[in-house]
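Okay, thanks everyone, I'll keep this short. Let me put the structure up, and then we'll walk through a few spots in the chain.

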Amino acid sequence: MSAHAMPIVRLCEMIDGQEGDLFVLMTAKDASTTRDGKPYFRVGFRDALREVTFPVWGNSTWAEDCQEAWTPGEFYKLRALYRDTNFGPQLEIRRIRRASDDDRSDGFDPDGYLPRTPFDRTTMWETLTALVDENLEAGPLKQLVETLMETYRDDWMRLPAARHHHHAYLGGLLEHTLHVTETCVYLADKYAASYPEMRPPLDRQLVIAGGVLHDLGKVIELRQGPTLTEYTPEGEMIGHLLLGRDLVRDTAREVGLDRETRLRLEHLIVAHQRLPEWGSPKPPMTPEALLVHYADDIDAKYRMVATLLSEPDRQGPMTDRKNPSRQKWFRGFNGEE
């Protein structure tokens, strides 16, 4: 193979017979043997939209390097030929080395090899910031929200909303937070106007602040590794509801939030999942907590369904039950009689 440069391609866009240079994340290296007892490694490489797994045989040119040097969770630059085979897509590797910061000029981005939100994260953050600025009056509650947003901005923009089920991809926490907050604005306006006789009246600002902060504890609960999302020790032992409550409580003291607003906001966070089997120690006991719960619940469930119905190459009018909702969903006939 000559040393001349080849175009940088994306794994997800390669077609059968195409050769190119590409950046990938190594996801697996599992030692195994064939039925005849011949050793091999089953390796996996991926970008954000495609993962390819294939064997590296014991007599391969790369067998020794694979065993000694290749490491799951590391990024690599490959020169490879893409093949569609009876055993699925495979790569014939011509060259391989670890990727480095020097490769950024060729398009290497360590965040580019895991699923991510389809929305621009900077735009979403600016939209969320504008919602807070436009809907919360100057005072301790607004100061609390803005302080927490600024403190945890980087993790908030990068983390998924969950390890599985809904918004389980980079930027998912921000996407979910924004959508919940937008729904909270709508619900607060609707029900405050519909029931003005309620005493005390619905606290519109508290509903919106709750939409922003309801999953705040996930910035402590979750840690994003190069190949998967993990629970931190705090996440395993305490969980995001109480972690979020603690962050709000500490900041509330700093900004001088009054006792009742602090209590209502803390309750809103610990109650937003409503049921003990979903993690909440208490159900919603205020109108504000009730609205935030349902804004959160519908966004999580709708994203699950949207993900399921967006899967390519699925056949038949109905899905199966093997999905987070544990029920079938109607895809449509797609032209079938």
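Predicted model: local features only at pLDDT ≥ 70, side-chain atom pairs only at ≥ 80, totals over all residues.

Let's start with H167, which sits in the loop between α4 (153–158) and α5.

But R326 counts as exposed, because its relative accessible area is 71% and the cut-off for that is over 50%.

One more backbone point. Which peptide bond is cis? That's the one going from R199 to P200, with omega near -5°. If you want to find P200 on the screen, look in the loop between α5 (172–194) and α6 (204–213).

Okay, zooming out for a second. The chain has eleven helices and seven strands. Its C-alpha atoms fill a box of roughly 80 × 55 × 35 Å, taken along the principal axes. Of the 337 residues, 45% are buried. And if you take contacts between residues at least 6 apart in sequence, 56% of them join residues at least 24 apart.

Now the aromatics. How many aromatic pairs does the structure hold? Ten. Take Y40 and W57: their ring centres are 5.0 Å apart and the planes are at 50°, so we call that pair tilted. It links distant parts of the chain, with Y40 in strand β2 (residues 39–46) and W57 in strand β3 (residues 51–57), 17 residues apart. Y40 is buried, at 16% relative accessible area, while W57 is partly exposed, at 42%.

Then there's F45 with W70, an edge-to-face pair, 6.2 Å from centre to centre and 65° between the planes. This pair also links distant parts of the chain: F45 is in strand β2 and W70 is in the loop between α1 (63–68) and β4 (75–85), 25 residues apart. Both F45 and W70 are buried. They also belong to one aromatic cluster, along with F54, W62 and Y76.

K29 lies over the face of F41, 5.6 Å from the ring centre. And K190 has its charged end over the ring of Y191, 5.6 Å from the centre of that ring.

Next, L243, which you'll find in helix α9 (residues 240–255). L243 is buried, with a relative accessible area of 8%. What does L243 touch, leaving aside neighbours within four places in sequence? G217, I220, E221, E234, G235 and I238. L243 and D215 are 28 residues apart along the chain, and their C-alpha atoms are separated by 9.4 Å.

Last stop is the cavity. What lines it? M304, V305, L308, N323, P324, S325 and W329. By class, that lining has five nonpolar residues, two polar ones and no charged ones.

That's my tour, so over to you for questions.

Notes
Residues numbered from 1 in each chain as written. Heavy atoms only, no water. 1 Å grid on protein atoms, 1.4 Å probe; cavity = no way out; pocket = protein on both sides within 12 Å on 5 of 7 lines; lining within 4 Å. Nonpolar A, V, L, I, M, F, W, Y, C, P; charged D, E, K, R; others polar. Helix = DSSP H or I, 4+ residues; strand = E, 2+ residues; numbered from the N terminus. Buried < 20%, exposed > 50% of the residue type's maximum accessible area, 1.4 Å probe, protein only. Contact = heavy atoms within 4.5 Å. Phe/Tyr/Trp six-rings, centres within 6.5 Å; stacked < 30°, edge-to-face > 60°. Lys NZ or Arg CZ within 6 Å of the ring centre and 35° of its normal.
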